[in-house]
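I opened the notebook to look up a few things in one structure. The sequence and the model come before my entries.

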Amino acid sequence: MPNRFSRLFWGGISAMGLTTGLLLAMIATSAVGAVTTTVVDIPVTGATQRFLYVRPDAPVANIVHLPGGDGVMGIQNDGTATGPAGPCSPVYRTRQALADGGMALALVDATSTGSVRDFNDALEVVRYMQSRHNVPTWVIGGSASTAAIGNLGANLPSEIPGGVIFNSPGRPASNIGSIRRPTLVVNHSLDNLQFGSAMFNALTAAPVRERVVFTGGSNAGCGYHLFNGVEAEYAAAVIGFIGRNNSFASSSVPNYQGLWWNSPAGSESGWGINFAHQGDVIFASWFTYDAAGKALWLVMTADKTAERTYIGTFYQTRGPAFNAVPFSPSAVTATAVGSGTLTFSDANNASFAYTVNGISQTKPITRQVFGPLPTCTSGAGTNHAAATNYQDLWWASPAGVESGWGVNFTHQGDTI
């Protein structure tokens with residue numbers, strides 16, 4: 001039987017990176033690295049968004065923090081926080097410990113026009129962090145920022161990997177059940193202002209959910225509500241949860257592997273295009289017809305050029321007959337016949353633009369569904385050899401001995 005050319009599972013390829021052990025080793029190593037702190041102002045609609053940017057040498061995760069209270073941290077040019085919500089923020093107070101644990105932090109203040117916790121403004125901060133550190137981004141907040149954090153967790157674009165952490169959360173809104181990311185709920189047992197249990201129970205769609213309840217500390221200063229006296233325990237809980245789930249959080253990055261056809265489904269039955277998606281590369285094999293109505297196979301290796309966009313060159317190939325023994329890869333020739341661009345609007349719909357032999361067209365495409373779509377995920381400790389979905393591109397074994405031909409498996413339910 002042919003071997004897969006990569007051990008890959010639909011919907012979870014990015015999660016095949018760091019194991020928990022390696023991640024924790026990296027976190028420990030980062031503690032000896034330098035940590036830099038800068039004040040950043042980025043443009044948002046009609047204003048600028050300020051945040052305190054704390055960066056270790058080699059971050060393993062990003063944290064974007066929206067404070068509670070009135071949302072005003074009062075970040076000064078020297079990095080101090082003087083606003084009502086600043087000095088008592090648990091993320092602000094533990095920022096050095098979190099950075100030593102491998103976290104790059106963005107502690108978000110009000111905008112230049114006084115707006116706080118706006119979804120689009122926060123999203124710009126998330127994108128800023130992602131552009132600098134291609135690691136999962138975790139949004140953290142609670143109390144008065146509970147609704148804003150819940151909204152971010154439920155509506156962050158699917159191509160942004162990461163998770164959610166609620167500190168001393170308020171009453172959960174109806175959209176909490178839409179969060180499909182690893183989520184941690186942290187509260188103190190003596191805090192009467194939190195809804196930690198209700199929040200945890202409302203996370204019905206979160207693939208991983210945990211709750212940490214602190215005891216100890218005191219109600220002085222920032223109080224139980226903001227973890228006064230248990231700062232070390234708070235930082236350890238955040239770092240530990242991210243360490244256990246960082247690779248799993250990466251599986252939220254969409255994977256487009258599978259068989260696609262014209263949209264709406266069935267409107268142009270008779271042709272289709274298979275995607276084998278690994279990392280930032282999609283290998284596309286397109287079955288269609290030439291001008292004379294004869295079957296035509298074209299292949300393209302499309303590289304990611306922007307979020308949700310992949311571009312490559314289409315080739316038409318010739319080679320030995322299917323029953324040739326031995327099959328000679330050196331006899332395979334490939335002729336460039338055009339180009340293609342794949343632009344995905346979500347995990348199940350896209351635009352397919354191409355030019356082939358001087359003819360250009362654009363078609364809407366969608367997944368071809370003939371059974372239950374695979375929802376496999378991958379994470380630390382996963383036994384990939386035990387997977388029972390075989391959707392992928394396969395070729396002769398041992399790998400490479402008959403380079404030039406392959407077979408795509410689209411596996412849904414009990415049908416390939």
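I count two residues as in contact when they have heavy atoms within 4.5 Å. The model is a predicted one, where local features need pLDDT of at least 70, side-chain atom pairs count only at pLDDT 80 or more, and totals for chains, interfaces and linings use all residues. Residues are numbered from 1 along each chain as its sequence is written, and side-chain values use heavy atoms, with hydrogens and water left out.

**Entry 1: Gln130**

I looked up what Gln130 touches, not counting residues up to four places away in sequence. The list is Asn62, Val135, Pro136, Thr137, Ile160 and Pro161. I then found Gln130 in helix H4 (residues 119–132). Helices (H or I, at least four residues) and strands (E, at least two) are DSSP runs, numbered from the N terminus. Is Gln130 buried or exposed? Gln130 counts as buried because its relative accessibility is 15%. The cut-offs are under 20% relative accessible area for buried, over 50% for exposed, and partly exposed in between, with a 1.4 Å probe and protein chains only.

**Entry 2: Thr366**

I went on to Thr366, which is in strand E17 (residues 359–367). Thr366 has 12% relative accessibility and so counts as buried. I left aside its neighbours within four places in sequence and noted its contacts, among them Leu259, Trp260, Trp261, Asn262 and Ser263. Asn348 and Asn349 are also in contact with Thr366.

**Entry 3: helix H7**

I checked the length of helix H7 (residues 231–249). The expected span of a helix is 1.5 Å times one less than its number of residues. The 19 residues of H7 should therefore span 27 Å, and the end C-alpha atoms are 25 Å apart, which agrees. Where does H7 bend? The bend is at Gly243 and comes to about 40 degrees. I took the bend at a residue as the angle between axes fitted to the seven residues ending there and the seven starting there. H7 is mostly covered, as 14 of its 19 residues are buried.

**Entry 4: salt bridges**

Side chains of opposite charge can pair when their charged atoms come close. A salt bridge here is a side-chain nitrogen of Lys or Arg within 4 Å of a carboxyl oxygen of Asp or Glu. How many salt bridges are there by this rule? The count comes to four.

I looked up Glu231 and Arg93, whose side chains meet in a salt bridge at 2.9 Å, N to O. Glu231 lies in helix H7 and Arg93 in helix H2 (residues 90–93), so this pair ties together parts that are 138 residues apart in sequence. Glu231 is partly exposed, with a relative accessible area of 24%.

Arg244 and Glu210 also meet in a salt bridge, at 2.7 Å, N to O. Arg244 lies in H7 and Glu210 in strand E9 (residues 209–214), so the parts tied together are 34 residues apart in sequence. Arg244 counts as partly exposed at 41% relative accessibility.

Arg50 forms a salt bridge with Asp41, and their closest N and O atoms are 3.0 Å apart. Arg50 is buried at 18%, whereas Asp41 is partly exposed at 40%.

**Entry 5: aromatic pairs**

Rings of Phe, Tyr and Trp (its six-membered ring) pair if their centres lie within 6.5 Å; planes under 30 degrees apart count as stacked, over 60 as edge-to-face and the rest as tilted. By this rule I have 20 aromatic pairs. One of them is Trp260 with Phe275, a tilted pair at 5.5 Å centre to centre and 40 degrees between the planes. Trp260 lies in strand E10 (residues 258–262) and Phe275 in strand E11 (residues 272–278), so the pair ties together parts 15 residues apart in sequence. Trp260 is buried at 0%, and Phe275 is buried at 2%.

Why is the pair of Trp286 and Phe352 edge-to-face? The planes of the two rings are at 80 degrees and the centres 5.0 Å apart, so the pair is edge-to-face. Trp286 lies in strand E12 (residues 281–289) and Phe352 in strand E16 (residues 349–356), so the parts tied together are 66 residues apart in sequence.

I also noted a cluster in which ring pairs link Tyr256, Trp260, Phe275, Tyr310 and Phe344.
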